[in-house]
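Look over the sequence and structure before reading on.

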Amino acid sequence: MDLLSPARIAAFETVLGRISADDRARLHELKDAAATAAEASAPHWDFDQPAHRAEEALQAAFGPALTDDHRRALVALWALEMPARVPAADLPPAVLALYPEWIQRLADFLTAADPYDRDFWAKDVRIALVLSVPGARTQMIDLSSPLGPGQVLRHAREGWGWSVIPAWAAAQAWKPWLEVHTESRELSDFNEAGWDRAWATAAEILRRRPHMAGMLGSSWFYDPPLEQISPRLAYLRLNPLRHGAFMVHQGPGEIHTQRAATSSPTRKALIEEGKYTARSWIVAWPRAALIRWADGRKAEQQEQAAAA
């Protein structure tokens, strides 16, 4: 697969060309150690950890002279190495088919030189280092994430239900999980079909990684009251639950309130009136149940194609 077309290579080299030759030399000197530190931090529950390690390396090299041009250039440098990193990750065709579009979007974003939002920086570090991979057009999948017993015990102690404990144990949830995230720069797959594609892509990754427990997601949009408040989002929670997933309560927070209110006047009004508190939940879909659902989805698609 042609991950880096001549046009994409030229785009990344254009990004590198925005910093001086001396600064490019410094990036070449630090990129491998920074990548190693980022990779070591990737299994942490904090999605931003790899970006923090990259930022530390850049700060050490450039100090107060550090700019977004340096950050973009480091991502571009790592992106140019993706033809070696992607095959090494042993990814299924469902992921590989998505890479050309994702790399093109990365090249377009880096060359546009808009302000480097911290969330975008975190995502681009992970994508360029293949710590997260494409799951659909809108969803990216982390290749290692924890679901520790502390969260599960807190869920039970705080009165959200004790059944989560045997569910956690049955899933062997102490193993690493995949985790799904939304890429807000491309929302065309933020719909039921797109999310189904992302979950199905995760199932294909899990087939190649028997040491993993399944895939999880963590967001305010899994909050049960949204079934009445925002019924168009109910599929995000209900579809996994109908096919073997379980949920773990995380709690309210300013970021969840902000995100829940941003895209809906209804939710914003309810929040401002004190009638709704946005809460984050984990949806955890164990590997066996997820693969079983994906197999059923594939069989249904084949039947529909044969009948067409």
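## Helix 2 against helix 4

In this predicted model, Asp 23, Leu 27, His 28, Leu 30, Lys 31, Ala 34 and Ala 35 of helix 2 touch His 70, Ala 73, Leu 74, Leu 77 and Trp 78 of helix 4. Contact means heavy atoms within 4.5 Å. Helices are DSSP runs (H or I, at least four residues), numbered from the N terminus. The contact residues split into eight nonpolar, two polar and two charged. Here Asp, Glu, Lys and Arg count as charged, Ala, Val, Leu, Ile, Met, Phe, Trp, Tyr, Cys and Pro as nonpolar, and the others, Gly among them, as polar.

The axes of helix 2 (residues 21-41) and helix 4 (residues 68-79) come within 10 Å and cross at roughly 60°. Axes are lines fitted to C-alpha atoms over the stretch in contact, with angles from 0 to 180 degrees between N-to-C directions.

## Salt bridges

The whole structure holds 22 salt bridges. Each is a side-chain nitrogen of Lys or Arg within 4 Å of a carboxyl oxygen of Asp or Glu. One of them pairs Asp 68 with Arg 118, with the closest N and O atoms 3.4 Å apart. That pair links distant parts of the chain: Asp 68 lies in helix 4 and Arg 118 in helix 8 (residues 118-128), 50 residues apart.

## Basis

Residues are numbered from 1 along each chain as its sequence is written. Local features need pLDDT of at least 70, side-chain atom pairs count only at pLDDT 80 or more, and totals for chains, interfaces and linings use all residues, while side-chain values use heavy atoms, without hydrogens and water.

Definitions and conventions. Helices (H or I, at least four residues) and strands (E, at least two) are DSSP runs, numbered from the N terminus.
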